[in-house]
Amino acid sequence: MMSSIEYIESVYQKLEKRDSHQKEFLQAIKEFFNTIQPAIEKNPEIIKWNLLEQIVEPERIFSFRVPWLDDQQNVQVNKGFRVQFNSAMGPYKGGLRFHPTVNESILKFLGFEQTFKNSLTGLPIGGGKGGADFDPKGKSETEIMRFCQSYMTELQKYIGPATDIPAGDIGVGKREIGYLYGQYKRLNGAHSGVLTGKPILLNGSLARTEATGYGLIYYTEEMLQANGKSFQGQQVVISGSGNVAIYAAMKAQEYGATVVAVSDSNGYIYDSNGIDLLLLKEIKEVRRGRLTEYAKEKELSTYQEGSVWDLETAYDIALPCATQNEIDRYQAATLIKNGVYCVSEGANMPSSIEAIELYQENNLLYGPSKAANAGGVATSTLEMAQNAQHSHWSFEQVDVELKKIMINIFKQVEDTCVEYDLGRNYLAGVNIHSFLTVAEAMISQGVV
Ligand code: NDP
C-alpha cells in the first residue's frame with residue numbers, strides 16, 4: 001500500500017493534469033492537501049476507499065446560458081453556473097456570486113471549501129456554489145431584476161428546499177435574492193425554503209445580513225482570548241466594504257476595537273480615529289455609492305487608490321473581507337512589518353499559499369476562512385429551520401445561536417490541534433477536523 005504522502009501526491013498530480021487551467025481550484029486543493037497528511041496516516045481507510053480522489057471531484061456542475069434584455073433593448077448573454085460539490089452531509093448549500101471574474105475554477109474552489117466549512121457548523125448541510133459572470137456594477141435596478149429572473153429560469157431546474165438551497169455572495173444581496181425568489185415562485189409556486197438570505201418580508205431570517213461579519217468577530221475573539229488577547233483597544237484594518245466587511249467592522253467596534261481602514265476594488269479610506277461606520281453603511285447600503293464619497297464627506301479621512309494591504313502604518317489585526325487572493329506574499333510581509341499579529345478571514349481564500357506560509361513562520365494568529373466566515377452559512381441554515389417550522393425567531397435568538405456555533409467551531413479546531421499535536425496551526429486543525437467529518441459521512445454511506 002502507498003504511504004499517505006505518496007497517496008496525497010499522486011491524487012494531486014492527477015488533478016493538476018486534468019484541471020491544469022483551474023488555478024484557484026488547484027490552490028484550494030493544495031492548501032488543503034498540505035495539512036491533512038496526519039489525518040490520513042491515522043485513518044488508513046481513506047486510502048483504501050480512494051477517498052481523496054472522490055472528495056476533490058464535484059458531484060456535478062451545471063453551466064448555462066443567461067440571456068437578458070438591457071435598458072436599450074439589446075440582448076445580453078452571460079454564463080451561469082451551479083456547482084453541486086458534495087452532499088454527504090446534507091443538501092447542497094452555498095452562495096451565488098455575480099461578478100465578471102466568475103468562472104468554473106473559482107466556483108469549484110468555493111464549492112470545495114464550502115463543503116468543509118459547512119461540516120464545521122455541525123448542521124446538516126452539504127456544499128455547493130454558483131453564480132454568473134454578470135457585472136452588477138453600473139446596471140440599473142430593472143436590468144438587475146431581469147438578469148436575476150433569467151438566471152433563475154434555468155437554475156430552478158436544479159435546486160429545491162431538500163436538495164440545493166442557494167444564498168448570496170459577492171454581488172448578490174437581499175435585493176437580488178428577492179428577485180431570484182420571485183422568479184422561482186412564479187415558476188414553481190411558493191417555497192420560501194429554496195433560498196436563504198431573503199428579505200424579512202419574504203420569510204428571511206433576522207440577523208442573516210449581519211451573520212458572516214458578526215460570526216467572523218465571534219470566532220476571532222475566541223481565538224484571541226485563547227491566546228491572552230482581545231479586540232479591546234486594538235487597531236483593525238478590514239478589506240472590502242460589502243456585506244461581510246460592514247458587519248465585521250460594526251461588531252469589532254462594539255468589542256472595543258478601532259477600525260482604521262476599509263476598502264473597495266478601487267482603493268481604501270483611512271482614518272486613525274476610526275471610520276464612521278454609520279456613514280459608511282449609508283453610502284454603501286442606501287446610496288450604493290463608492291468610498292470616494294466617504295472621503296469627500298469626512299475631512300479627517302484620506303482616500304488612496306490601490307490595495308489596502310499595501311498600507312504602511314502600525315496596526316494590530318487584519319480582517320480580509322473582499323475576495324480571493326487579495327493578500328500575496330509581499331503584502332503579508334508588509335502586514336508583519338506593520339506589527340499585525342492576527343489575520344482572520346471573512347472572505348474565502350483571501351490569502352495566497354505563500355502569504356499563509358509567512359503568517360505561520362512569523363507565528364501570527366491565523367483564522368482560516370473555512371472556519372472564520374462560517375457564520376453566514378450557519379445562519380442560513382437557521383433560516384431554513386425557521387422556514388420549515390413556519391416560524392420567525394427574534395434577532396437575539398438567532399444571534400445567540402450564531403455565537404454558540406462560532407465558539408463551538410473554534411473549540412473543535414483547538415481540540416483537533418491538541419489531538420494531532422499541531423500547536424497553534426489552526427489551519428491544519430480546521431482542515432483535519434472538517435476533512436474527517438466529511439470523509440466519515442462519505443464512507444458510512446458507501447463510497448461506490
Ligand atoms: P459584497 O459584494 O457585499 O462585497 C464585496 C466587497 O469586496 C466590495 O467592497 C467589493 O468592492 C470588494 N471586492 C470584490 N471583488 C474585489 C476584488 N477583486 N478586489 C478588491 N476588492 C474586491 O460581497 P460579500 O461581502 O458578501 O463577500 C465578500 C467575501 O466574503 C467573498 O469572498 C465571499 O465569498 C465571502 N463570504 C460571504 C458570505 C456572505 O454571507 N455574504 C459568507 C461567507 C463568505 P467593489 O464594490 O468595488 O466591487
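User: Contact means heavy atoms within 4.5 Å. Which residues does phenylalanine 435 touch, not counting residues up to four places away in sequence?

Analyst: This is a predicted model, in which local features need pLDDT of at least 70, side-chain atom pairs count only at pLDDT 80 or more, and totals for chains, interfaces and linings use all residues. Residues are numbered from 1 along each chain as its sequence is written, and side-chain values use heavy atoms, leaving out hydrogens and water. Leaving out residues up to four places away in sequence, phenylalanine 435 touches Phe32, Ile36, Ala39, Ile40, Ile46, Leu52, Ile55 and Phe116.

User: Which strands stand at the edges of the five-strand open sheet?

Analyst: Helices (H or I, at least four residues) and strands (E, at least two) are DSSP runs, numbered from the N terminus. Two strands pair if DSSP finds at least two bridges between them. The open sheet has mixed pairing and runs in the order S1-S2-S4-S3-S5. Each edge strand has a single partner, so one side of it is left without a neighbour in the sheet; these are S1 (60-69) and S5 (164-167).

User: Which residue in S4 stands opposite phenylalanine 81?

Analyst: Strand S2 covers residues 75-86 and strand S4 covers residues 126-132. They pair in the antiparallel sense over six bridges. Opposite phenylalanine 81 stands glycine 131.

User: What angle does the direction of helix H6 make with that of S4?

Analyst: Axes are lines fitted to C-alpha atoms, for helices over the stretch in contact, and angles run from 0 to 180 degrees between N-to-C directions. Helix H6 (residues 104-120) packs on the sheet and touches S1, S2, strand S3 (92-98) and S4. Its direction and that of S4 make an angle of about 150°.

User: Which residue in S9 is the bridge partner of tyrosine 268?

Analyst: Strand S8 (residues 267-270) is covered on both faces, with Gly267 and Ile269 buried on one side and Tyr268 and Tyr270 buried on the other. S8 forms a hairpin with S7, with three residues between them. S8 also pairs with strand S9 (residues 302-305), in the antiparallel sense over four bridges. There, the partner of tyrosine 268 is glutamine 304.

User: How many disulfides does the structure hold?

Analyst: A disulfide is a pair of cysteine sulfur atoms within 2.5 Å. For cysteine 321, the nearest cysteine sulfur is that of cysteine 342, 12 Å away. Cysteine 321 counts as buried at 7% relative accessibility, and cysteine 342 counts as buried at 0%. The number of disulfides is zero.

User: How far apart are the centres of domain 1 and domain 3?

Analyst: Domain bounds come from an automatic or database domain assignment, which divides the chain into domain 1 (4-55), domain 2 (60-190) and domain 3 (209-372). The contact between domain 1 and domain 3 takes seven residues from each. Taken over C-alpha atoms, their centres are separated by 31 Å.

Methods: Buried < 20%, exposed > 50% of the residue type's maximum accessible area, 1.4 Å probe, protein only.
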